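Here are my notes on the model you sent.

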Amino acid sequence: MNIPKHYTKVRDVKITPEELIAFEDRVRDAYEAGQVKGPVHLSKNNEKQLIELFQYIHPGDWVFSAWRNHYHALLHGVDSEKLFSWISEGRSMGTNNLNPNFYASSIVGGIVPLSLGAAMGLKRSNSPRRVWCFIGDMTMETGVFHEAYKYSQNFNLPLQFVVEDNNLSVHTPTDVAWGKRMDVPENVIYYQYKMSYPHHGTGKWVNF
Amino acid sequence: MGYKDELVKAMEWLATKPDTVFMGQAIGMSGHAISNTVATVSQDKRVELPVFEETQMGIATGMAMTGWVPITAYPRFDFFILSLNQLVNHLDKIKDMSKGEMNPRVIIRVAVGSKLPFSAGPQHTQNHTEAMRKMLTEVEVVELIEPEEIFPAFERAYNSNKSFLIIEHSEFYGTK
């Protein structure tokens, strides 16, 4: 993973890959038992990349995520029981809270302008903290990303984009739908991984 | 005091608050009717933005999440509707999606284009106030018809714990 050299490690991440997987297994089991009253978007196969990256994310930073947000929330310090409770209520796609500052949205590209604004707010407040915006490969191709990336670079805002590339938007391969893939912009952290779960759910039919 | 002067008075009052910031196209400089109502606000409180309406709404919401109270302006309702993804899906839903932990306060100014003494045409004079009232759950919608409604509306918006969409009529700048 191409973490820029100007970042230093600011957090001792204590969560292990096995603990992350176990959390999602617990959600999977609850979902398949019909106990989760809304869609879930489970993560797997990117534990090591995220554990490495979150060592560079300060506990006071803002983290913006999308529907595949459980790992991000846990690694940023959101209490695992609170997170599980919210997911059980059907809030898997909106696990948002303050301290730690964490916002997730399930509209493609929706978090991009929000993260830009949060970065502008932090800079205007002379805060030493920054914003980390995790997006997928399809979001990277959208116009709103281009606007926000360009603006953040031009005004030197404390905003770091991270692209998590599984080459999928729901079931649509990004490279097929766009004809080709764009180059990853400068200063964007990027890694590829292969999905283990379907876009939402667990792959099993569940009667609610 | 007339319609435009009441708007100027409200903006000058908002500018006295340390947590406010004014933003939009032609907010840092001249360009349209709303520009003239913030001309007396100090330059360091004003942010000139590119034309990117949806991103502009997200910027205002994101800044509000970090404690600022943005006053974000759109010179025509016709242009403002390009921002509705961020308004309807995010600013209006954040309180619900955070179970009340996040409650960003944004004051949105939108102008309805004039039809008199000449009409700016079908893409520059639309008024979708009633549609906004139907689409929004948390964001309060206020339409400013009379001059005496203006200052109290902005005063209430700033002192409230929610966001406001405040709609004005540029036609009234010269007629009321």
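**Notes on the A–B interface, cores and local features**

1. Between chain A and chain B, twelve residue pairs are in polar contact, with both residues at pLDDT 80 or more. Keep in mind that this is a predicted model. On the side of chain A that touches chain B, five elements of chain A give two or more residues: strand S1 (62-65), helix H4 (80-88), strand S2 (102-104), helix H5 (111-124) and helix H7 (143-154). H5(A) provides the largest share of that side, with ten residues. Sorted by class, that side of chain A holds 18 nonpolar, eight polar and five charged residues.

2. How many salt bridges are counted between chain A and chain B? The count is three. In one salt bridge, the side chain of A:Glu89 meets that of B:Lys99, at 3.0 Å from N to O.

3. The contact between the chains involves 31 residues of chain A and 29 residues of chain B. The two chains bury about 2400 Å² between them, and 63% of this is on carbon and sulfur atoms. Three residues stand out on the chain A side: A:Tyr103, A:Leu114 and A:Arg124 supply 24% of the area that chain A buries against chain B, more than any other three residues.

4. The largest nonpolar core has 56 residues. The residues with the most contacts inside this core come from both chains: A:Phe64, B:Phe80, B:Leu87, B:Ile108 and B:Leu165. H5(A) gives the most to this core, eight residues. H5(A) also makes the largest contribution to the side of chain A that touches chain B.

5. Setting aside neighbours within four places in sequence, B:Ile108 is in contact with B:Met57, B:Thr72, B:Tyr74, B:Phe80, B:Leu87, B:Leu91, B:Phe164, B:Leu165 and B:Ile166. A second, separate core has 37 residues, including A:Phe23, A:Leu74, A:Ile87 and A:Val206.

6. Is A:His41 buried or exposed? A:His41 is buried, because its relative accessible area is 3%. A:His41 sits in the loop between helix H1 (17-32) and helix H2 (47-54) of chain A. Beyond residues up to four places away in sequence, A:His41 touches A:Glu24, A:Trp67, A:Arg68, A:His70, A:Ser92, A:Met93, A:His199 and A:His200.

7. A:Gln160 belongs to strand S4 (residues 159-165) of chain A. A:Gln160 is buried too, with a relative accessible area of 4%. A polar atom of the A:Gln160 side chain lies 2.8 Å from the backbone oxygen of A:Asn187. Among the residues that A:Gln160 touches, not counting those up to four places away in sequence, are A:Pro4, A:Tyr7, A:Trp132 and A:Cys133.

8. Check the cis peptide bonds. One joins A:Asn99 and A:Pro100, with omega about 5°. A:Pro100 is in the loop between H4 and S2 of chain A. Another joins B:Leu116 and B:Pro117, where omega is also about 5°. B:Pro117 is in the loop between strand S4 (107-112) and helix H7 (129-135) of chain B.

9. Check positive phi as well. A:Asn126 is not a glycine, yet its phi is positive, about 55°. This residue is in the loop between H5 and strand S3 (131-136) of chain A. A:Asn126 is exposed, with a relative accessible area of 70%. A:Val170 also has a positive phi, near 60°. A:Val170 is in the loop between strand S5 (168-169) and strand S6 (172-173) of chain A, and it is partly exposed at 45% relative accessible area.

Notes. Residues are numbered from 1 along each chain as its sequence is written. Chains are lettered from A and ligands numbered from 1 in the order in which they are written. Side-chain values use heavy atoms; hydrogens and water are left out. Contact means heavy atoms within 4.5 Å. Buried area is the accessible area (1.4 Å probe) that two parts lose on being put together, summed over both. A salt bridge is a side-chain nitrogen of Lys or Arg within 4 Å of a carboxyl oxygen of Asp or Glu. A polar contact is a pair of N or O atoms within 3.5 Å; within protein, one must be able to donate a hydrogen and the other to accept it, and residues adjacent in sequence count only if both atoms are side-chain atoms. Helices (H or I, at least four residues) and strands (E, at least two) are DSSP runs, numbered from the N terminus. Ala, Val, Leu, Ile, Met, Phe, Trp, Tyr, Cys and Pro count as nonpolar, Asp, Glu, Lys and Arg as charged, and the others, Gly among them, as polar. A nonpolar core is a set of buried Ala, Val, Leu, Ile, Met, Phe, Trp, Tyr and Cys residues joined through side-chain atoms within 4.5 Å. Buried means under 20% relative accessible area, exposed over 50%, partly exposed in between (1.4 Å probe, protein chains only).
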